[in-house]
Amino acid sequence: MTTADVRLFAYRQGPWRGRLDEFGRVGDSIPTTANVPPAAARGPRGVPLPTGTFGLLTRTPYPRTPALPSVPAEDRLGHLLVTALGLQRREPSNRFNDHRTVASVRSKFPVHTFVLAPDGSFSYLDLYRHALVALPGTVTADSDLAVLLPAPGDVTVMLAARFTDLPTQYGVLRCSLSLLEQGFALRSLHVAADLLDVRVRLRLDGEETSAAGRLLAGTGPGAWSPPLVITVEGAGTMRESELLSGAADGDVQQHAEDDAQLIEDSQHASVREAGEVTAPLMRLSCVPAAPVRGIPDLPARNPGPAQLSWGQALWNRTAGRVPAELTGFSGRPATLGEDCLNDMLAWLCQPAPSSLLAEVGGRVRTTVALQRLAGLATGRYTLVEGRLELEEAAPGLMQKLQDSFGYVLTPFQDCGLRHTNATWVFSANVDAILDEFGPTGWALLQMWCGWASHGLTSAAAAHGLFARPARAFGEFGLQHVLGLPREQMPVFTVTCGRSRFVEPMLDLRT
């Protein structure tokens, strides 16, 4: 696609979305390919993931790092993947389960994880089998995929979104939401690396992205985004593959139905277009990124019987809850201190990996509407060099934001935005970004928003708050409420506050 084509797509999935009526009503019964492993990843062999990750995380207070510095070398990668992407819980009243370390639309989790070892062996992270499932074939040093091979002691991790895992009715949003969730997963992987005291290096060069795309194409039917290729340095040695319990290749009929749906959904116009819009990422030319931290430098908290652990901080991440008979999210008024705001700003401002991704993020304008936070006046603020500057004091701003939000308050749907403490809005001059960075600019913008948003959700979780990442807004309406310049179009939002609804939940951590 040319820059002009991507520009048209960016407006169709953004401010023109409501007028073009390309976003259908999504029902709970709509089938997707979510949680379906690739066809090649249903075999009987693999490497079981270690257990005890949660127990190790509970022994280290937040925000101290590293939290898991002395695990056996052969278990290091497994603990890292479980920490970054693992299962957390099942919520009885939630229509969309299960929940993991990262947020996801309707718990569909379109981002899948693949691992390449130095010996060329290739595997797929299957959280429900709690294993890295062996994939057939190996990558050799004389193949066209050799650029992906890691050095001894390292591994290559590939994060790729499968567009068909999101409901068909999402239409043009399938692309942007998948890219945003790649950003979530990228940040979470960096956080986990900090906790295990290893380094990760993002490799955005198109040659490596293209090679990873070809490698994933060999795993069976499915339409994948260009993978994010990441080197985990010092990941340790991997255990030998073994026969796994509960092999996934037994239900032949179910697998045939899954593959048929993967083939059919991959031909949908929205999926083909998503592939075309993201294809320019495979033509980027850039050097591997210097390792960066996912966790900012934060002051130690006061010790005590209620000391927050990393295990609890990761567990706390939620996008909000309501009772079973409702949809949406609830909220209740709460007054929060300066420490909460400082944590949010620190997590938000942590630089993204890759100078290119960081440069795109530097073009993003961050606006926050806040109330009952750090003693600041209720109103609209702009982030300038790591600090907030008041743009307008507006006591009724949160109610106006709720009125412009995509969730309407009804007897059957809750919307607690008016009670929340902060709604962060990322906006950008999309035309200027495309002019400067070419056709890859829009996709990189989505991934940067995902990186920053996961940082905000992590900060909110550490203070017992929900953080709801959302595209559920009308761009023009939100632009007007926040007084944004005409060229600044809202791209993504994260709303943080205290939930009004709590309930016992099923713990799925290992």
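This is a tour of a predicted model, stop by stop, with what to select at each one. Residues are numbered from 1 along each chain as its sequence is written, and side-chain values use heavy atoms, with hydrogens and water left out. Because the model is predicted, local features need pLDDT of at least 70 and side-chain atom pairs count only at pLDDT 80 or more, while totals for chains, interfaces and linings use all residues.

**Stop 1: the cores**

Select Leu80, Trp310, Leu388, Trp424, Phe426, Trp442 and Leu445, the residues with the most contacts inside the largest nonpolar core, which has 115 residues. A nonpolar core is a set of buried Ala, Val, Leu, Ile, Met, Phe, Trp, Tyr and Cys residues joined through side-chain atoms within 4.5 Å. Buried means under 20% relative accessible area, exposed over 50%, and partly exposed in between (1.4 Å probe, protein chains only). Now colour helix α5, residues 173-196, which gives the most to this core, with 14 residues. Helices (H or I, at least four residues) and strands (E, at least two) are DSSP runs, numbered from the N terminus. Another core lies apart, with 18 residues, among them Ala40, Leu148, Met158 and Ala160. In soluble globular proteins, nonpolar side chains tend to be buried together.

Next, centre on tryptophan 310. Its contacts, leaving aside neighbours within four places in sequence, include Leu57, Pro61, Tyr62, Arg64, Leu195, Ile295 and Trp347. Contact means heavy atoms within 4.5 Å.

**Stop 2: the largest cavity**

Select Ala10, Gln13, Val430, Pro490 and Val491, which lie nearest the centre of the largest cavity among its 14 lining residues. The volume of this cavity is about 120 Å³, and the structure holds 6 cavities of 30 Å³ or more. A cavity is a set of points, on a 1 Å grid over the protein atoms alone, where a 1.4 Å probe fits but cannot get out; lining residues have an atom within 4 Å of a point. Grid points are joined across faces, edges and corners, and a volume is the space filled by probe spheres set on the points.

Show α1 (3-13), α14 (441-462) and β18 (489-497): each supplies at least two residues of the lining. By type, the lining has 9 nonpolar, 3 polar and 2 charged residues. Here Ala, Val, Leu, Ile, Met, Phe, Trp, Tyr, Cys and Pro count as nonpolar, Asp, Glu, Lys and Arg as charged, and the others, Gly among them, as polar.

**Stop 3: aspartate 431**

Aspartate 431 sits in helix α13 (residues 430-437) and counts as partly exposed because its relative accessibility is 26%. Beyond residues up to four places away in sequence, aspartate 431 touches Arg7 and Tyr11. Draw a distance to threonine 3: the two C-alpha atoms are 9.6 Å apart, although 428 residues separate them along the chain.

**Stop 4: threonine 209**

Threonine 209 belongs to helix α6 (residues 206-217). At 3% relative accessibility, threonine 209 is buried. Show its contacts outside four places in sequence, including Arg203, Pro226, Val229 and Met282.

**Stop 5: alanine 472**

Go to the loop between β17 (466-470) and α15 (475-481), where alanine 472 lies. Leaving aside neighbours within four places, alanine 472 contacts Phe405, Gly406 and Tyr407.

**Stop 6: the cysteines**

The structure holds 0 disulfides, a disulfide being a pair of cysteine sulfur atoms within 2.5 Å. For cysteine 286, the nearest cysteine sulfur is that of cysteine 175, 19 Å away. Cysteine 286 is partly exposed at 21%, whereas cysteine 449 is buried at 0%.

Terms used. 1 Å grid on protein atoms, 1.4 Å probe; cavity = no way out; pocket = protein on both sides within 12 Å on 5 of 7 lines; lining within 4 Å.
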